[in-house]
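Please open the model in the viewer and keep the selection tool at hand. The stops below proceed from individual residue pairs to the chain overall.

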Amino acid sequence: FGHTQSIGASVNINKVFFNGIWQAKWSVSGSYEIIDGTINNEDIGSRSWDYSGIWENRIRLSKKRQVSLELSYYYGSPFIYVTRIGEDTHLLSVNLKKMFKFGGTLELSAQNLLNKRDRRQYDTGNYGYKINTLTDKRRYVITYSQTFGKSKVRGASDRTSSRLSNRTNK
């Protein structure tokens, strides 16, 4: 039907503040795409920019009690593809996590708090808008996980011992 040319770039930054109490991650990416082509003698060519960014934060609320708070935000720009046009996307999520000494983990999550996701898409094949009802809901989740068995592998800390070095150097 034609050909596509695209170029993209991404930048990621990870930073730790206050002796590990706060961990932050930033990621920004963008792309430019050129599509040239026809379908049934109709020009479907387009040129478009799109970009997105993520900001994730993990804050240790209590080292002794192993409690942490995670806050993340995602932004995705409006986009144009061959068959659809999408709105911008905003996602905000909060997660509270408690780890127990016996290996259990309890998580309370609130996802899509802004209730602003790419839910309305213009379908150029049908020349009309379609609503995606699965992606525009807030979600609240409670999760519990438990580890079983030994958490340490015997000899894993002995990898640099002379016994292991002697075996690998033969």
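Select R58 and E70: the two form a salt bridge, with their closest N and O atoms 2.9 Å apart (a side-chain nitrogen of Lys or Arg within 4 Å of a carboxyl oxygen of Asp or Glu). Because R58 belongs to strand β4 and E70 to strand β5 (residues 67-76), this pair ties together parts 12 residues apart in sequence. Strands are DSSP runs of E of at least two residues, helices runs of H or I of at least four, numbered from the N terminus. R58 is partly exposed at 38% relative accessible area, whereas E70, at 19%, counts as buried (buried is under 20%, exposed over 50%, partly exposed in between, with a 1.4 Å probe and protein chains only).

The model is predicted: local features need pLDDT of at least 70, side-chain atom pairs count only at pLDDT 80 or more, and totals for chains, interfaces and linings use all residues. Residues are numbered from 1 along each chain as its sequence is written, and side-chain values use heavy atoms, leaving out hydrogens and water.

Next, select D36 and R47, whose side chains meet in a salt bridge at 3.4 Å, N to O. D36 sits in strand β2 (residues 22-39) and R47 in strand β4, 11 residues apart. D36 is partly exposed, at 24% relative accessibility. The structure holds two salt bridges.

Of its 170 residues, 21% count as buried.
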